[in-house]
Amino acid sequence: MLAPSRLMATARIIPLPIVGRIADFLLKEVLSIHPKLFDRLGEYSQSRFAFVPSDFPFSFLICPKDRTVQAFRRGTHMAADTTICGPLVLMLALAEGRIDGDAIFFARKLTVTGDMEAVLALRNALDDNEIDLVDAVGRLSGPMTRSITGALGSVRRQALKAHGVQWN
């Protein structure tokens, strides 16, 4: 996987505030497309969800109640109710609700700790919204939308294939 490894290496030199702004911008874009995304969480909207990619130099803490995301350097402690760890591409595919989360979990490709009911509520909310992160990023690229969407879609398919997972 030449492109993702280059992307991961490049990510190491990006300053944390820029990563935080990009993550916040992407969350805001997703919420503009799916404004009720966090409504299905119910009592778990108060929960803090940590996402710790095993192959990326940053981690993320999402607080649905505040509709915020914070970026941290990997290894930084985050006060979270639940933590999900694993390859970045699998976490993104799960966020889009397009791969079987149970199969990924039981194959030990992801590790989940903390409040499992909150994770289940989040998964149900994500599954209900049919998020497409490639499309969301593409929408932000103006006249380059088709090119960017096509390139990112190809990278996504190749990365999932490398993990033995097919995009649904």
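1. Let me start with glutamate 29, which is buried at a relative accessible area of 14%. That value falls under the 20% cut-off, so the label follows directly. Keep in mind that this is a predicted model.

2. What does glutamate 29 pair with? Its partner is arginine 139, and the closest N and O atoms of this salt bridge sit 3.2 Å apart. Glutamate 29 belongs to helix H2 (residues 16–33) and arginine 139 to helix H6 (residues 133–139), so this contact ties together parts that are 110 residues apart in sequence. Arginine 139 itself counts as partly exposed, at 48% relative accessibility, whereas glutamate 29 is buried.

3. Stepping back for a moment, how many salt bridges does a search of the whole structure find? The count comes to 5. The glutamate 29 pair is one of the salt bridges here, and two others are worth a look below.

4. Take aspartate 39 and arginine 67: they form a salt bridge with 3.6 Å between the closest N and O atoms. Both ends are in loops: aspartate 39 in the one between H2 and strand S1 (49–53), arginine 67 in the one between strand S2 (58–63) and strand S3 (68–73), so the pair links parts 28 residues apart in sequence.

5. Now for arginine 48 and aspartate 81, whose side chains meet in a salt bridge at 3.3 Å, N to O. Arginine 48 lies in the loop between H2 and S1, while aspartate 81 is in the loop between S3 and strand S4 (82–86), so here the parts tied together are 33 residues apart in sequence. Arginine 48 has a relative accessible area of 30% and is partly exposed; aspartate 81, with 28%, is partly exposed too.

6. Away from the charged pairs, which residues form a nonpolar patch on the surface? They are Phe105, Phe106 and Met116, and together they have about 320 Å² of accessible area. Methionine 116 is part of helix H5, which covers residues 116–129. With 42% relative accessibility, methionine 116 counts as partly exposed. Patch residues need over 30% relative accessible area, so methionine 116 clears that cut-off.

Conventions
Residues numbered from 1 in each chain as written. Predicted model: local features only at pLDDT ≥ 70, side-chain atom pairs only at ≥ 80, totals over all residues. Heavy atoms only, no water. Patch = residues over 30% accessible without salt bridge, like charges linked within 9 Å, V, L, I, M, F, W, Y side chains within 5 Å. Areas by Shrake-Rupley, 256 points an atom, 1.4 Å probe, with all protein chains shown as cover. Salt bridge = Lys/Arg side-chain N within 4 Å of Asp/Glu carboxyl O. Helix = DSSP H or I, 4+ residues; strand = E, 2+ residues; numbered from the N terminus. Buried < 20%, exposed > 50% of the residue type's maximum accessible area, 1.4 Å probe, protein only.
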